[in-house]
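Hi,

Here is the structure I promised to pass on. Have a look at it first, and then read my notes below.

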Amino acid sequence: MPHTPASPDPLQLLQEWCRLWGVAELAPEIQIEISTRMTRSLGRCYPDRKLIRIASFVVKESNELFQEVLCHEAAHLAAY
């Protein structure tokens, strides 16, 4: 996961988003995987497994895109 001193920690972002969405207890259960096999989508959510998978090219592209995809996929989990 991309994390530099200037960028927020993805796990902290998940905690903050889950708190805002009223599902704070979900954050510690979420797993994040980076996949080199994903080529047609930016990210994927697996609600039953509480798993978010993000394409490796997203990580290489920019931290902002990574955060946007992570938030989008986390929202799927929160809605589930």
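For the wording, buried means under 20% relative accessible area, exposed means over 50%, and partly exposed is what lies in between (1.4 Å probe, protein chains only). Keep in mind that this is a predicted model, where local features need pLDDT of at least 70 and side-chain atom pairs count only at pLDDT 80 or more, while totals for chains, interfaces and linings use all residues. Residues are numbered from 1 along each chain as its sequence is written, and side-chain values use heavy atoms, with hydrogens and water left out.

So what does R19 pair with? Its side chain meets that of E16 in a salt bridge (2.6 Å, N to O). By salt bridge I mean a side-chain nitrogen of Lys or Arg within 4 Å of a carboxyl oxygen of Asp or Glu. R19 and E16 are three residues apart in helix α1, which puts about one helical turn between them. An α-helix has 3.6 residues a turn, so residues three or four places apart point the same way. E16 is partly exposed too, with a relative accessible area of 35%.

Now for the rest of that helix. Helices (H or I, at least four residues) and strands (E, at least two) are DSSP runs, numbered from the N terminus. In α1 (residues 10–20), the buried residues are P10, L13, L14, W17 and C18. Viewed down the axis of α1, these fall within an arc of 125 degrees, so they line one face of the helix; the arc is taken from the directions from the helix axis to the C-beta atoms. Q12 and L20 are exposed on the other side of α1. The cover over the buried residues of α1 includes β1 (31–35) and α3 (63–79), counting as contact any heavy atoms within 4.5 Å. Just after α1, G22 has a positive phi of about 80 degrees.

K50 and E29 meet through their side chains at 3.1 Å, N to O. K50 sits in the loop between β2 (43–46) and β3 (51–55) and E29 in the loop between α1 and β1, so the pair ties together parts 21 residues apart in sequence.

R53 and E33 also form a salt bridge (2.8 Å, N to O). R53 is in strand β3 and E33 in strand β1, so this pair links parts that are 20 residues apart in sequence. R53 is buried, at 18% relative accessible area, whereas E33 is partly exposed at 31%.

Cheers
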